[in-house]
Amino acid sequence: MDRNDTPHPALHINTERLKQLQKWAAIAPQSDEEDRYLIQELNNQLKDMVIKVLDPNLDAALEAIEPTNYGVDLTSRCAPMREDAVDSWPDPDALLDKAPRVKDGYFVVPVSKHESL
Amino acid sequence: MSDALWQYSATDLREMIQSRQVSAVEVCEALINRIESVEGRSGGLVQQEDEIDTRHIHAFIHPLSLESARKKAGSIDEMISRGDDPGILAGIPFAVKDIFCVKDTRTTAASSILKNYVSPYTSTVVERILAAGGILLGKTNLDEFVYGSSTESSAFKPVTRNPVDPSRVPGGSSGGSAAAVAAGEAVLSLGSDTAGSIRQPAAFCGVVGLKPTYGRVSRWGLIAMAASLDCVGPLTRNVKDCALVLQVIAGQDSKDWTSVTEPVPSYPDLLSDAAVHHTFKGLKIGWPTEYFEDPELINPDESADILRAIERAADLYKSLGAEIVPVSLPHTSYAIPAYFVISRVELASDLHRFDGVKYGHRTNQPVDDLYEMYEATRTEGFGVQPKQRVLMGMHVSSAGYADQLYDRALRLRALIRQDFHRAFEKVDLIMAATTPTTAFPLGGIFGDTVQMQNADRLTVPANHAGVPAISLPCGLDSSGLPIGLQLIGPDFREDRLLQVAYAFEKENN
C-alpha cells in the first residue's frame with residue numbers, strides 16, 4: 001500500500017493484465033481453468049509477499065544502502081575476465097545436432113513478420 | 001557383507017576400496033541391488049501413479065547409467081591393482097540432480113520442454129567428481145526448473161517419495177537427490193540451492209546438505225534458476241562425506257567468472273578431534289531471536305518439536321564449551337518477499353532461452369511466424385508452475401514497476417547481508433532450525449504457491465547474504481520425521497561449519 005492507502009497498481013493482476021503478460025512471455029492461455037488458477041495465485045503472491053517489499057517502514061533503510069547484485073562481494077575475489085575474443089566450440093555439429101531443425105549449418109525458424117523496417 | 005555395502009558412508013567405502021577390503025565393483029553392485037529393491041519406476045512423462053508406486057521412492061528421473069557405472073567400477077579396481085592413484089572418491093557411487101548437464105545424458109530440468117535434450121558437455125562439478133573416481137548412477141528428480149519445495153512439480157512421474165515416510169514429500173527442489181541418499185540408492189549426491197533447495201530436502205529426509213558460499217563452487221553446466229542466488233552443493237550421509245565432496249568440487253573454474261580464487265582448505269583434514277576441539281575454544285554461536293520468536297517466521301505450537309530439538313543442540317554445544325549468544329537479524333521476515341521479486345525477474349529472463357530454436361522441444365503445430373512458434377513451443381513445454389513464475393517475473397520487471405519492486409528487492413538483499421555481517425562481528429556462526437515444519441504430506445500444499453514459497457523462509461536468508469549454511473539431522477519429531485539443524489557461517493568459513501556440525505553429529509550419535 002502506498003502512503004494514501006490506495007492499492008498500488010503493481011499489486012493486482014486482472015484478466016486483461018494476465019493476457020498482456022502472457023503475450024510478453026510468449027505463453028498462450030491454455031484454458032479458462034488455468035487462467036483462473038494463475039490469476040488467483042499471482043494475486044495471492046502480490047498481496048502476501050510482494051506487498052512487503054513496498055513496506056514504507058523500510059524506506060529510510062533502503063535509501064541508505066546500495067543494491068547488490070550478489071550477496072558476497074566478488075569484485076576482489078574473482079579471476080580477471082578473459083579477453084573478449086571469439087572462442088569457437090570444438091564441435092559445432094554436436095551443438096547443431098541439438099536443434100529441432102537445421103539446414104546447411106544454420107538453425108531454421110519460421111519467417112518473422114515485419115510490419116515496418 | 002556385500003549386500004550391506006549400500007549402508008556405508010563414502011568415507012568408509014573409500015578406505016575399504018583403496019585397502020582392497022572390498023572392490024569398487026562389489027560396492028557398485030550393492031547400490032544397484034538396493035536401487036532395484038526400493039526405487040520402483042523411475043520418472044517418465046505422462047505416467048499415472050499406481051498403488052505399487054506409493055511404496056517406492058522414485059528418486060531417479062531417467063533410466064540409470066548402470067552399465068557405464070559397472071564399467072567404471074571395474075576400471076577403478078584395475079587402477080588400484082596397478083597401484084595407480086584412482087582419486088579421492090574412487091569407486092563411490094553418486095547421483096546428480098537433473099539440473100546438471102552431463103555429456104551424452106538426457107538433462108531435462110524435470111521439464112517437458114527439455115524431455116529429449118542430450119547435453120553436449122559436462123558441468124564442472126560433475127566432471128570434478130568423475131575425475132576423482134566417482135561412479136555416476138543417474139540423474140535425480142526435482143521440481144520443474146527447480147521451482148518448488150516438494151519435488152511435486154516435476155513433469156516426470158511417479159513423484160519422488162520421502163524414504164522415511166513415503167506418504168510425505170522429500171522436500172525440494174533437490175528432493176530426488178536427498179531421497180536417493182536417504183534410501184541408500186546413492187552414497188552421495190549433488191543438488192542446487194537457490195532458496196534452500198539442498199538444505200530443506202536434507203532436513204526432510206534426514207541427511208546432511210551444504211549450501212556453500214556463493215562463488216565457492218562453480219555453476220558452469222548448471223541450468224540457471226536465479227543466477228545471483230544459485231549455489232551447488234553436496235547431500236551426504238554424514239558430515240565427513242560432505243567435507244570430502246566439498247574438497248573435490250570447490251575451487252575456481254575459468255568457465256564461471258563468479259567462482260572465486262580463494263584457496264580451498266583441506267576440509268576432511270580439519271575434522272580431526274584435535275582440530276575440532278581447538279575450534280570450540282572460545283567459540284560463540286549466535287542464537288537469532290527472529291528465527292525463534294518472530295510470528296511471521298515460526299509458530300511455536302506447530303514447530304514445538306523442532307524448537308525443542310534445536311534447544312537440545314544448543315545445550316550440547318554449551319557442554320562442548322561453546323557460548324550461545326543471542327543475535328538479531330532484523331530483516332529476516334523480508335527475505336522471502338525480496339527473494340520472490342529477485343528470483344522471478346531472473347528466472348523470467350533465464351527461461352526466454354527455451355524457444356524451440358537451438359535445443360529442446362519445438363511445437364509440431366502449423367505456425368505462421370516466429371512468434372507463434374515461440375508461443376506454441378513454450379505453452380506446450382512448460383508446466384503451470386514455471387508459467388506462473390515467468391508471468392510474475394514479467395509483471396514485477398515491467399516498465400513502471402521495476403524501479404519500485406526490483407530495485408527495492410536488491411536493496412533488501414543488501415540489508416539482509418548487512419544483518420549477517422553485523423551478527424558475525426559478535427559470533428563465529430549462527431544456529432537455527434532448517435525448516436519450520438518437518439516433511440509435509442504429498443499433496444498437502446502443492447498448488448498453493450504462497451505456502452510452498454514460505455516453506456523456505458528459514459533457509460533463504462543465507463542465499464541473499466551469500467553465506468554458507470549446512471543442514472544436519474538433529475532428531476525426530478513426535479511422528480518420527482527427521483528434524484534439521486541449520487548452521488550458518490561467515491563467507492568462506494565452510495571449514496568452521498563442518499567442524500561444528502561434525503562435533504554435533506559425533507556427540508549425538
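A residue is called buried here if 20 or more other C-beta atoms lie within 10 Å of its own, exposed if 12 or fewer do, and partly exposed in between, with C-beta atoms placed from the backbone. This is a predicted model, in which local features need pLDDT of at least 70 and side-chain atom pairs count only at pLDDT 80 or more, while totals for chains, interfaces and linings use all residues. Residues are numbered from 1 along each chain as its sequence is written, and chains are lettered from A and ligands numbered from 1 in the order in which they are written.

**Stop 1: B:L410**

Select B:L410, which sits in helix α14 of chain B; helices (H or I, at least four residues) and strands (E, at least two) are DSSP runs, numbered from the N terminus. B:L410 counts as buried because 21 other C-beta atoms lie within 10 Å. Leaving aside neighbours within four places in sequence, B:L410 is in contact with A:P67, A:T68 and B:I342, where contact requires that the C-beta atoms of two residues, placed from the backbone, lie within 7 Å.

**Stop 2: the side of chain B that touches chain A**

Now widen the selection to the 65 residues of chain B that are in contact with 48 residues of chain A. The elements giving two or more residues to this side of chain B are α11 (335-350), α12, α13 (384-396), α14 (402-423), α15 (449-454) and α16 (460-465), and the largest share, 13 residues, comes from α14(B). Coloured by class, this side of chain B shows 35 nonpolar, 17 polar and 13 charged residues; Ala, Val, Leu, Ile, Met, Phe, Trp, Tyr, Cys and Pro count as nonpolar, Asp, Glu, Lys and Arg as charged, and the others, Gly among them, as polar.

**Stop 3: B:M373**

Move to B:M373 in helix α12 (residues 370-381) of chain B, which is buried, with 23 other C-beta atoms within 10 Å. Not counting residues up to four places away in sequence, B:M373 touches A:V109 and A:P110 as well as B:G356, B:T363 and B:V367.

**Stop 4: chain A alone**

Buried residues make up 15% of the 117 residues in chain A.

**Stop 5: the sheet of chain B**

Bring chain B back and select its open sheet of 10 strands, with mixed pairing and the order β3-β2-β5-β7-β6-β11-β12-β10-β8-β9; two strands pair if DSSP finds at least two bridges between them. The edge strands, each pairing on one side only, are β3 (135-140) and β9 (323-327) of chain B. Within the sheet, three bridges join β6 (residues 208-211) of chain B to β11 (residues 469-476) of chain B, and these two strands run antiparallel.

**Stop 6: helix α4 of chain B**

Finish at helix α4 (residues 124-131) of chain B, where six of the eight residues are buried, among them B:E127 and B:R128. The buried residues of α4(B) pack against β2, β5 (188-193), β7 (231-236) and α7 (239-249) of chain B.
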